[in-house]
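The following account is intended to be read alongside the coordinates. Please keep the model open while reading.

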Amino acid sequence: MSAIYILWLRELKRYTRSRAQIIASLGQPMLYLLVLGFGLSPVFKRAGYGSYFQFIAPGVIGMSVLFSSIFSGLGLLWDRQFGFLKETLVAPVPRLQIMIGRTLGGATVAVLQGLLITLVCVIAGFRPVHLSSVPVALGFMLLIATVFAGLGVAVGSSLQDMQGFQLIMNFMVMPIFFLSGALFPLDGLPKVLAAATMIDPLSYGIDGMRSVLLDKGHYGAMIDFEVLAAFATVFIVLGAYRFSKIEI
Amino acid sequence: MIQVRNLVKTFGTFTAVNDISFDVARGEIFAFLGPNGAGKTTTIKMLTTMLKPTSGAIELDGLNPQTKQNEARQRFGIVFQDPSLDGDLTAAENMEIHGVLYHVPRKIRQQRTEELLKLFELWDRRGEQVKKFSGGMKRRLEIARGFLHTPKILFLDEPTLGLDPQSRNQLWGHVKNVNEKEGVTVFLTTHYMDEADRVAHRIGVIDHGKLVAQGTPKAIKEQTETQSLEDAFLKLTGSTIRDESAGSADQMRQFAKMWGGSKR
């Protein structure tokens, strides 16, 4: 247990110490939120969907949690490169505990990042319909973070070095974001796109937040929760398995 | 304490370790010597559960490190050849993580951290992030960390690389100390033959993945009819210079440098 705790704490310390990075990481979400949010608002309203800004805010929060959690998993590559991974892998601690400590730490950091973006959203004018559902939305954030921290570890364990990083970014992370319905409603999509959004775990995370914060769900919060929990289980198991196979 | 039989490791068509066998007795200091790329680090990696052997058998304190990974890991400590510190954490935090991972009780952890950081003259800088340390300081911290818990077997992979004579002296003094007082078995590699001659009870010389000689420093000198271990080493392994192909870790480091990426 203490091994899990100390590795969780490590992730947190690293996050809070990289202030410049925290500020840098706010840039992209703010562009989406402020430029797209306000820019597309008139068109969205004319189409009868209400405020685009309100609509996109949960999407941008989900995006931040996605990026932050998946990068924390891929942080494995940095630890491999700078050697710290070895230090943990030869320690007399089951690898499962090491993986769980890292993943929980990464997920926690991602939720903190999500909360920071939530704060930015609220300052910019985002108003949830139900304030009482904010804790439930937080639960969805935690689920998203767990799903993608697990996926990040699974992928990070399978890569030898940073060469594959750009590939992962362009063919995994960006598609997950764009296909999630973070930026557009999931209703009435062309068939192929609809199918793609349905296998994207992030769809359910963002839909879940929209359901509880705005009353505008597509699948419904219960289904969102169940699908996310299933994805989380699968990715954590996969991540733990891949992590146990690492050779240096 | 360490038993190696017909150990082989191949990477594709390249045979890094080719059918080596040796024993290291309990309480012995064993120096594993060889030119660059001879297979020293690969052997250590197999002994310390980081790599799976292609074939052959290993026993650490009677345990097979492949099937009893955790039990084996409880028995050894290791100082790596290349860096393995977390640069974003402070010296004290690096020590703490190590102590927790190796189940050193908190009181002893704090007490030994203080002793060791003082011994290696890092105590005044304990609150600083490691990435601000010089190369020598990082090295000293790695070594101090390796001594935080008391293992049955201590692996030192070129521990003196980049250390000044003062720190080297401290290191070997400390190694002898734990070996004599606590009966720790030591398995080390080094390129400094005088160190091996001074510290090691027995020596194994590896070249091109083959064990070409083993015995006490004296026996090896007699066997090769040379005066110093350095001459014996050159006689055994020839005088051509070996190039180690840049490993993936080195390439990655370069890549990171290129992108200015000290992000993590």
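The model is predicted: local features need pLDDT of at least 70, side-chain atom pairs count only at pLDDT 80 or more, and totals for chains, interfaces and linings use all residues. Residues are numbered from 1 along each chain as its sequence is written, while chains are lettered from A and ligands numbered from 1 in the order in which they are written.

Chain B contains 10 helices and 9 strands; these are DSSP runs numbered from the N terminus, helices being H or I with at least four residues and strands E with at least two. The radius of gyration of chain B, 19 Å, is close to the 18 Å that the globule rule gives for 264 residues, so chain B is as compact as a globular protein of that length. That radius is taken over C-alpha atoms, and the rule is 2.2 Å times the number of residues to the power 0.38. Of the 264 residues, 42% are buried, meaning that 20 or more other C-beta atoms, placed from the backbone, lie within 10 Å of the residue's own.

Between the chains, 32 residues of chain B are in contact with 27 residues of chain A, contact requiring C-beta atoms, placed from the backbone, within 7 Å. Helix 2 (69-75), helix 3 (91-101) and helix 10 (248-258) of chain B each give two or more residues to this side, and helix 10 of chain B gives the most, with 7 residues.

In chain A, helix 10 (residues 201-214) has 14 residues, and 14 of its 14 residues are buried. Just after helix 10 of chain A, A:Asp215 takes a positive phi of about 65°.

Terms used
Two residues are in contact if their C-beta atoms, placed from the backbone, lie within 7 Å. A residue is buried if 20 or more other C-beta atoms lie within 10 Å of its own, exposed if 12 or fewer, and partly exposed in between; C-beta atoms are placed from the backbone. The expected span of a helix is 1.5 Å times one less than its number of residues.
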